[in-house]
Amino acid sequence: MTDMEILTNGKTFNSKQLSMIKMGFENGLTKEQVAIYAKPEIKGEKMAEIWKALHADLPMEQVEMIANPKYSTMQMFEIRAGFEHGLKMEQIKMYANKRLNDGKMQVIRIGFEKGLSEKQIKYFNNPKLNIYQMEQIRAGFFKGLSEEQVAFYANPKYSVYQMYEIREGFLGNLTAQQIQFYLDEFLSYEQMEAVRNGLNQGISEEKLSVYKIPNLTDTQVKVITEHMKDIMHPDRFIEYINKENCKDETGIILGIAASNGFSEQQLNKMKELNLEQMEFVIKNMHSISDKLCKSKTMNKKSLKEQNER
C-alpha cells in the first residue's frame, strides 16, 4: 500500500480533504507530516493551513500549535502568519486565544510585527474591547503616545469615537489636565470633539463647560459652536438649559439669550418666534433696544425695522 492509502484506508474523506492529503505527498511531505492533518474530523480548509505551515518548514512545535482543533481556519491563519513573519512563541501565545476572533488576533499580530512591546500590546489585548477599540489604542502607540497617555483611553467604557477624540487631544499637544476636562464616558464624541477643538483654540474651560451639559444632540453642539462668541455667562446658559430641559436648537438659542441677561419676560417673548427669528435676535441683540424686547409684540418685521435704524 502507498502512504496515501495507509493514511486514508477505512476512513471517510471528502474531495477537498483527499486533495490536501495528496498535495502533501506531491510536495515532498513525509507520511508523519501528512498524518498530522490527514484526519476526517479536520476540514479541508484547516488542512490547507496545516499543510502551508509544513510546506514553510515551520518547526513541529509551531505546526502543532497551528493544528490545534480549537482554532477556526482564520485563527490558524493568524497564528501561522505570525510564525512566518518571525514572531517568537511568547508573542504568538499572547494572541493564540480562542476567545479572540481572527480580526482581533490580526490587530495584535501586526502590533508585534511593527515593533510594539509585550507591555504595550497588553493595553489592547483585552477580550472586552472590540476590534475597532483595539485599533484606536494601537494607533496611539504607532503615533508615538506614551503608555501613560494611552492609558487615559484604553478602557472598554469609551466608544471607538471617544477614544479617537482623547487620542487626538494628546496628539494636538493638549496637556493631561486638559484631556481630563473632557474625559467623561457620558459625553458624546461630538461633545468631546467640540471641547477638544475649543481647547486647541485657547477658549477657557469655563466657557467650554457649556458643551458638557448631559445629552446634548449633535445639532445642539453645532449651534453652540456657531454662537460660542455670543455666550457671555456660561453659568447662566447651563442653568437655563438644565432648568428648561431643552431638547432642540431653539432651546440653545434661548440659553444664549439668557447668558446675555435676557429677563424671563424677554425669553418668553422670544419663545413666540421661530428659529430664524430667534437667530436674528441673537445676531442683533446688541443693537435691538430694550424697549423693543419688552414690547407686547415681537416679530420679524419689527426686528428688521429696528435693525435698519
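## Helix packing and selected residues in a predicted model

The axes of helix α14 (residues 189-200) and helix α16 (residues 218-226) approach to within 9 Å and cross at roughly 15°. That angle makes α14 roughly parallel to α16, a term for angles under 35 degrees, while those over 145 count as roughly antiparallel, 65 to 115 as roughly perpendicular and the rest as oblique. Axes here are lines fitted to C-alpha atoms, for helices over the stretch in contact, and angles run from 0 to 180 degrees between N-to-C directions. Helices (H or I, at least four residues) are DSSP runs numbered from the N terminus.

The model is predicted: local features need pLDDT of at least 70 and side-chain atom pairs count only at pLDDT 80 or more, whereas totals for chains, interfaces and linings use all residues. Residues are numbered from 1 along each chain as its sequence is written, and side-chain values use heavy atoms, with hydrogens and water left out.

### The pair α14 and α16

The crossing of α14 past α16 is right-handed. A crossing has this hand if the near helix is turned clockwise from the far one by less than a right angle, and is left-handed if the turn is anticlockwise. From α14, the residues E190, Q191 and A194 make the contact, and they meet D218, V221 and T225 of α16; contact means heavy atoms within 4.5 Å. By class, the residues of this contact comprise two nonpolar, two polar and two charged. In this scheme Ala, Val, Leu, Ile, Met, Phe, Trp, Tyr, Cys and Pro count as nonpolar, Asp, Glu, Lys and Arg as charged, and the others, Gly among them, as polar.

Helix α18 (residues 249-259) is largely enclosed by the rest of the structure, because nine of its eleven residues are buried. Buried means under 20% relative accessible area, exposed means over 50%, and partly exposed lies in between (1.4 Å probe, protein chains only). The buried residues of α18 are G251, I252, I253, L254, G255, I256, A257, A258 and S259. They pack against α16, α17 (234-244), α19 (264-270) and α20 (275-283). After α18 comes G261, with a positive phi near 90°.

One of these partners, α20, has an axis that comes within 10 Å of that of α18, with a crossing of roughly 20°. The two helices α18 and α20 are therefore roughly parallel to each other, and their crossing is left-handed. On the α18 side the contact involves E249, T250, I253, L254, I256 and A257, and on the α20 side L275, M278, E279 and I282. Seven nonpolar, one polar and two charged residues make up this contact of α18 with α20.

Helix α8 (residues 102-113) packs with α10 at an angle of about 5°, their axes being 9 Å apart. That makes α8 roughly parallel to α10. The contact is formed by G103, K104, Q106, V107, I108, I110 and G111 of α8 together with I131, M134, E135, R138 and F142 of α10. Its residues fall into six nonpolar, three polar and three charged.

Helix α10 (residues 131-142) also contains Q136, which counts as buried because its relative accessibility is 16%. Apart from residues up to four places away in sequence, Q136 touches Y153, V160, M163, Y164 and R167.

The largest nonpolar core has 88 residues, of which Y37 and F124 touch the most other members. Such a core is a set of buried Ala, Val, Leu, Ile, Met, Phe, Trp, Tyr and Cys residues joined through side-chain atoms within 4.5 Å. Setting aside neighbours within four places in sequence, F124 contacts V107, I108, L116, L129, M134, I137, R138 and F141.

Most residues other than glycine have a negative phi.

K70 is partly exposed, with a relative accessible area of 39%. K70 and K98 are separated by 28 residues in sequence and by 6.9 Å in space, C-alpha to C-alpha. Not counting residues up to four places away in sequence, K70 touches Q75 and K98.
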